[in-house]
Amino acid sequence: MAEQLFYFFIYPGMLFAGIIGIIFAWADRKVTARVQFRQGPPVLQPFYDFIKLLLVKETILPKNGSVIFFLLAPVLGLFGATAAAVIILMPALGLTSGFRGDIIVLFYLLAIPTLMFIVGALASGNPLSSVGASREIKMVLSYELSFILIIAGVILKSEMTLQLNEIMALQQSQGAFIASLSGIVMFIAALVVIQGKAGMVPFDMAEAETELAEGIFMEYSGTAYAIIKYTKYILLFILPVFIAEIFLGGLHFEGIHILWSILKVLLVLVLMILIRNTNPRLKIGQAMRFYLLWINLLVIAGLVLHYIGI
Amino acid sequence: MGLKSFSLKKSLWVFHFGGASCNNCDIEILDCLTPRYDVERFGIKLVGSPRHADVLLVNGSINKRDKPRLLEVYDQIAKPAFVVAFGACGCTGGIFAEGITFAGPVDTIIPVDAYIPGCPPKPEAMLSALMKLAETI
Ligand code: SF4
């Protein structure tokens, strides 16, 4: 029991994933700044933001909303993200081998933070938050189908293995999945899907600060907003790790492989940041059409290519 | 200096309230976000919701219609928060001070922590004011 709690709260769960996530969030802002020829914030900037929100600021409760759901939603979202982080990171760090079917469990766990943000936004009783929540629901409806198709593709490519650990071992013996044409096609689709999952531009219409004034997070302040920020830091860390695990040959922390593993994750992160910086925010209808039609077609093309054998 | 006040000092999020200005000050505020001045170096960023803000930046003259809205926004901000009056209009009323709809400079409506004079103030003036404000925390 004590061991499980340690896994969940400290390493590789909440604390560890959060700290790495804070560094990734800084990298996000710094690379963004460099792309725009700016200097960018200091390394500890996301940490200062988090401490300020957590300890200094007042938490304002909504007058017309449901206070219990408003406060519970960020906490449950954090727990969902942490559970996903544990399952994603344990096989990579070689702590346990996971269990059969964990890649399917991950699909559900990764959906929890977004669903909880929606619950929190609807509980706040603010009209702009509701608009944000409705947009987020539309986003979930669009990208989750592509996401499950991508996971199905990965399972097919790994000869019906349902375990993250074995998928990585298979890639280490037979070469990474991205080394084939179908792998490349699915990797591109997966990159776009996690962009939507992490709520980054061009798919950030749910929080669109210029039109909806932060949308789903509008009413949150102080500690509750700090928890949401922390959840987002964790997601920013584990989503690139997940993609690196299922497409880029898996992560392996031994000898020289440590360097390669870190480079793989950073590569996915930098690709996400560059997509974010080179695209304007889409309209919600455009985003839905983009996922439901084009990305799904792309994944299906990948599946067909896999059956043909390339 | 504790961790709390240090983090607050290092991450001032600004909410911009534009009163009835001549629009020149708004453009000077946007200048601060450009690569040349880059306020993000100091952890300052513009936020869209008063719930997330630490600094309320008020520019332009406050007329009778703006006054209740300014009070409302001030109530919505999560405390501790600071108010900065930007430009001659924000500090004293400037060229609008004798108009019939003028409802008083900002500091007669809400408590103000820093004044930035100028018509419009330079972006450097805003940076220096925010730095001086951060030093008082
Ligand atoms: S201070 Fe000057 S520049 Fe600024 S809003 Fe007033 S009149 Fe315009």
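Which residues does A:Q195 touch, not counting residues up to four places away in sequence? The answer is given below, after a short note on the model.

## Residue A:Q195

The structure is a predicted model. Within it, A:Q195 belongs to helix α8 of chain A, which covers residues 181-197. Not counting residues up to four places away in sequence, A:Q195 touches A:M200, A:V201, A:P202, A:F203, A:M272, A:I275 and A:R276.

## Residue A:D204

A:D204 is placed in the loop between α8 and α9 of chain A. Is A:D204 buried or exposed? Its relative accessible area is 7%, so A:D204 is buried, the cut-off being under 20%.

When neighbours within four places in sequence are left aside, A:D204 is in contact with A:G199, A:E209 and A:R281. With A:R281 there is a polar contact between the two side chains, at 2.8 Å. A:A73 is 131 residues from A:D204 in sequence, and their C-alpha atoms are 20 Å apart in space.

## Helix α3 of chain A

Helix α3 of chain A has twelve residues, 45-56. At 1.5 Å a residue it should span 16 Å, and this agrees with its end C-alpha atoms, which are 16 Å apart.

The buried residues of α3(A) are A:Q45, A:P46, A:Y48, A:D49, A:F50, A:I51, A:K52 and A:L53. Their cover comes from both chains: it includes α2 (14-35) and α9 (222-247) of chain A, along with α1 (3-10) and β1 (13-18) of chain B.

## The interface between chains A and B

The size of an interface is often given as the accessible area lost when the parts come together. Here chain B and chain A bury about 2,500 Å² between them, with 57% of it on carbon and sulfur atoms. On the chain B side, B:E40, B:R51 and B:H52 lose the most area to chain A, together 26% of what that side buries. The contact involves 30 residues from chain A and 29 residues from chain B.

Six salt bridges are counted between chain B and chain A. A salt bridge also joins the side chains of B:D54 and A:K57, with 2.8 Å from N to O. Of the side of chain B that touches chain A, the largest share, six residues, comes from α1(B). By class, that side has twelve nonpolar, eight polar and nine charged residues.

Conventions
Residues are numbered from 1 along each chain as its sequence is written. Chains are lettered from A and ligands numbered from 1 in the order in which they are written. This is a predicted model: local features need pLDDT of at least 70, side-chain atom pairs count only at pLDDT 80 or more; totals for chains, interfaces and linings use all residues. Side-chain values use heavy atoms; hydrogens and water are left out. Helices (H or I, at least four residues) and strands (E, at least two) are DSSP runs, numbered from the N terminus. The expected span of a helix is 1.5 Å times one less than its number of residues. Buried means under 20% relative accessible area, exposed over 50%, partly exposed in between (1.4 Å probe, protein chains only). Contact means heavy atoms within 4.5 Å. Buried area is the accessible area (1.4 Å probe) that two parts lose on being put together, summed over both. A salt bridge is a side-chain nitrogen of Lys or Arg within 4 Å of a carboxyl oxygen of Asp or Glu. Ala, Val, Leu, Ile, Met, Phe, Trp, Tyr, Cys and Pro count as nonpolar, Asp, Glu, Lys and Arg as charged, and the others, Gly among them, as polar. A polar contact is a pair of N or O atoms within 3.5 Å; within protein, one must be able to donate a hydrogen and the other to accept it, and residues adjacent in sequence count only if both atoms are side-chain atoms.
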